[in-house]
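Q: I am new to this structure. Can you walk me through how to read it?

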Amino acid sequence: MSETSFPMNDLLRRKLQTSLVVVSLTLCVASTLFLLLFGDKMGFGISLMVEDRLTAGLSTVFSRFIMFIGFLVFVVGAVVMSFMGFVMMSQRARDIGLMKAAGCPNDLIFGYFMTELLIVTFVGCFLGVILGTLADFASTGLLNGFGLQISQKPINFWLVFLVFALFFALALIFGAKPILDTTKVEPAKAISPMYNFGLSKEPGFKVISKFGFTFKMALRSLFRRRSATTRIVLCLATVFILVTVAVAGGVIADQTTKSWIEKAVGRDVVLIAHQEMCDQYELLLSKFCEAKAELQFNYTKEEYLIPESLLNQLRSISGIVGIDARLVAKAHIREVPGYVFDPETGATTSVGESREGESLIVGIEPGNVLSEWFLDGEFLRESQQEEAMIGDSLAQKMFSKPLIQTVILFNRSFDVVGVCLDPINNGNVTYVTLKALQNVTGVSKPNIIMVRVDPTNREETLNQIRANVSAISSEFEVFELNEVLGKNLGFLDYIWSTIMFLPLFSLAAASLCLIGYVMLAITEQRQEFGVLRAVGAKPRTVVKIVSGQSLVVLLSSCAAGIAFGIIITLLILVPEPLVTIYTVIEIAGWLLTALAATFILSLYPAIKFAKKPILEIMA
Amino acid sequence: MKTGKDVVLASGLCKTFEIGDVKVEALKDVNLGVARGEFTVISGPSGSGKTTLLNIIGGIDKPTSGKIVVFGKDLGVRDEDFLANFRCQNVGFVFQSYNLVSTLSVAENVAFPMEWARKPENHIKEWVEELLKVVGLQHRADHFPFQLSGGEQQRVAFARALANDPPLLLVDEPTGNLDSKTSIKIVEILQKLKGDGKTVIVATHDERIIQLADQKLYLEDGELVSLNE
């Protein structure tokens, strides 16, 4: 028997086993490669696309998510691959023992089974690479067909090669371990069921008898198969970290960021201003989701200013619950360095580079303002005329440590006391008090008014406002911000739902892994299941035992994965997360669905096995 | 066929296995009757079809043709759920290779058929102790199968087969893998079962067991011959 003919014949004779391992490896490589290629377009592509459209604060949250998910996808692929290699060769342990017992030299046995491993791994990885690339092309084409614009980029051959090489190596390394381990032990031990599948130790615990024999058998087999169980728990836990970060993180980040935007823009808020001013304000807000170019615009034109009489009339309308008068302008601003004192050395270090640029300047009345910003630092105070609050994008682009720095606008300096997340002008904005802005610009009136309408009496109030506004001037307009707010929230929805779509494929790979584990469990307990059936157990008892094992593995890995995923999301990925009862229910719903789908899929081999005749099982 | 043989009635039993293109006839037109309390021994060379015949009588396997009626039930036409219940309630099986469940202790191996028969917990506990006493392994109750010798495992297999006090016991080569000293204990257990009036069918070459038989049958190349006649 030559070294090449034995492995080929052995693989061909085990048609079912061989094809299952090849299919598992193929799907694992394919799904990981697909995730990376497709994620590059869907995820990282979006990340680049939104760089100039999301405010800096949101971009940071989003990029962190994408990077983390990309990393986890690769880790999941690697863990799954190593598990598959291990499972495949664990199923050969008894054969290796038998060959040793028959007198076959160790190096020859190692050669036979390594050749088998090489053939199967190469075929699996090769087919996986082809399938993954094809799936990427097909999915891109399909989604473009549905109207999503995803670029059909040329294949990144380096990435394809990297995935192939890495996964091939991982499967070889982890597959070689059981072969090496078995070739090292004495033949009697190798053929013993106590050694196969890691059964070298006596079950070290007693299960309380009330759990029943089914559960007892399931649990003891899990502990007996310690090595494989640890690996599958690790593998599934990684997958569930990925799923949790994507799903729970996605839901939390979606709701949190939407809440930031909603509070900053304001719900049930209408804008009253000159028609041209209204259009400009809408464009400034829409920069967040539509990336429209800013027009050259003179904000402080006399005709844009709101007459005091209109303000007085608005104050008399009972359906208005808040009036926020603002003066919007545009100015050239300059960063002023701040100083940091080091108490240990006593030295003072300058912070800042005296950068200059254009910014939208908004004067507000701190006591009347309708927006609630997600804020780092403090809010403006009416009594402090020399304070400024800047948008997150401006803070990132033009300041080093904004909260200890000063900004100069209209030749007057303002201490930066807060950094806010604001979609207007995509975060490129400076807020000062209305009085201060009026002083420095010489413009005595506001040019926009924002009013919050009582939602219970909305239409009547809006009609009253419109009547008052048109009585003052036909050029003034009442504009509802809900529409543009809806667009902004819809855009955030789109990008977060895209992220949540990615882990579906990892879940599929995880299900395959669990199926592999269930097959290993069945192979190991085959004889025992046959005996149970012969002694009077029904086929469903076998399914119960296997599903019990599958459930324990799934729940323990799920608990660990979800716990880590939530911690990562809340502590690292989303600052000041918004978690409501609905968020928890939504996340729980998604994760339970994922769990149930994985569990049901994993039962397939057990159900198929349970239908076999007893003698075939015991053979 | 003899009258009064109401426990097992087999008529025209044939069993053919197909291995690729090759057909192997394991049983050829086997006719058999076993009466209540009868101790039947089936002997014959290795590969003659003894295990196949026991499997068919026990409802583990189905004949290719012919009829097998055990306790009045035609096992050839019943579904798997019925057969599982039937085996649990009516048949005790002792396999040649012991086939204990390695994840269960000795006591648990004996107890689990009773769990499936939904016997009360107290009864299970008492009966397990009783059975382990019968086979002389009460001191091994908490051990696991891999901690036992072959003879001890075989005795646990006997205890398990008797767990639900089945009216029919099928025993396949009980001393085939054991040394003569250990075999004596197995023969003693079979003697006791015969004394208790159990219906027992044993496939064996062991002369000591053949001598216990009320009915001696010989199987060769799938054909059954009665040695009594």
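**Reading the model, feature by feature**

A: Start at one helix end. H13(A) is followed by A:Gly442, whose phi is positive, near 80°. Keep in mind that this is a predicted model.

Q: Which residues of helix H13 of chain A are buried?

A: Helix H13 spans residues 434–441 of chain A, and A:Leu434, A:Ala436 and A:Leu437 are buried there. Now look down the axis of H13(A). Its buried residues fall within an arc of 165°, so they line one face of the helix.

Q: What covers the buried residues of H13(A)?

A: The cover includes three strands of chain A: strand S2 (320–336), strand S5 (356–364) and strand S10 (429–433).

Q: How many helices and strands does chain A have?

A: Chain A has 20 helices and 12 strands. It runs to 619 residues, and 45% of them count as buried. Take its contacts between residues at least 6 apart in sequence: 86% join residues at least 24 apart.

Q: Which residues have the most contacts inside the largest nonpolar core?

A: They are A:Ile232, A:Leu236, A:Leu242 and B:Val110, in a core of 227 residues. Helix H9 (residues 226–265) of chain A gives this core its largest share, 22 residues.

Q: How many residues of chain B are in contact with chain A?

A: In general, the size of an interface is often given as the accessible area lost when the parts come together. Here we count residues instead. On chain B, 22 residues are in contact with 23 residues of chain A. Two elements of chain B give two or more residues to its side: helix H2 (80–90) and helix H3 (106–116). By type, the chain B side divides into 11 nonpolar, four polar and seven charged residues.

Q: In what order do the four strands of the open sheet in chain B lie?

A: The general idea comes first. Strands of a sheet pair through backbone hydrogen bonds, either parallel or antiparallel. In chain B the order is S2-S1-S4-S5, and the pairing is antiparallel. Strand S2 (22–34) and strand S5 (73–74) of chain B are the edges, each pairing on one side only. Two bridges join strand S4 (residues 65–70) of chain B to S5(B). In that pair, B:Val69 stands opposite B:Asp74.

Q: Where in chain A is the pLDDT below 50?

A: Chain A averages a pLDDT of 78, and 82% of the residues score at least 70. Over residues 197–210 of chain A, the pLDDT is below 50. Beyond near neighbours in sequence, that stretch has 24 contacts in the model. Where pLDDT is low, the predicted coordinates should not be read in detail.

Note on methods:
Residues numbered from 1 in each chain as written. Chains lettered and ligands numbered in written order. Predicted model: local features only at pLDDT ≥ 70, side-chain atom pairs only at ≥ 80, totals over all residues. Contact = placed C-beta atoms within 7 Å. Nonpolar A, V, L, I, M, F, W, Y, C, P; charged D, E, K, R; others polar. Pairing = 2+ DSSP bridges. Buried ≥ 20, exposed ≤ 12 C-beta atoms within 10 Å, placed from the backbone. Core = buried A, V, L, I, M, F, W, Y, C linked by C-beta atoms within 7 Å. pLDDT = per-residue confidence, 0-100. Arc of directions from axis to C-beta.
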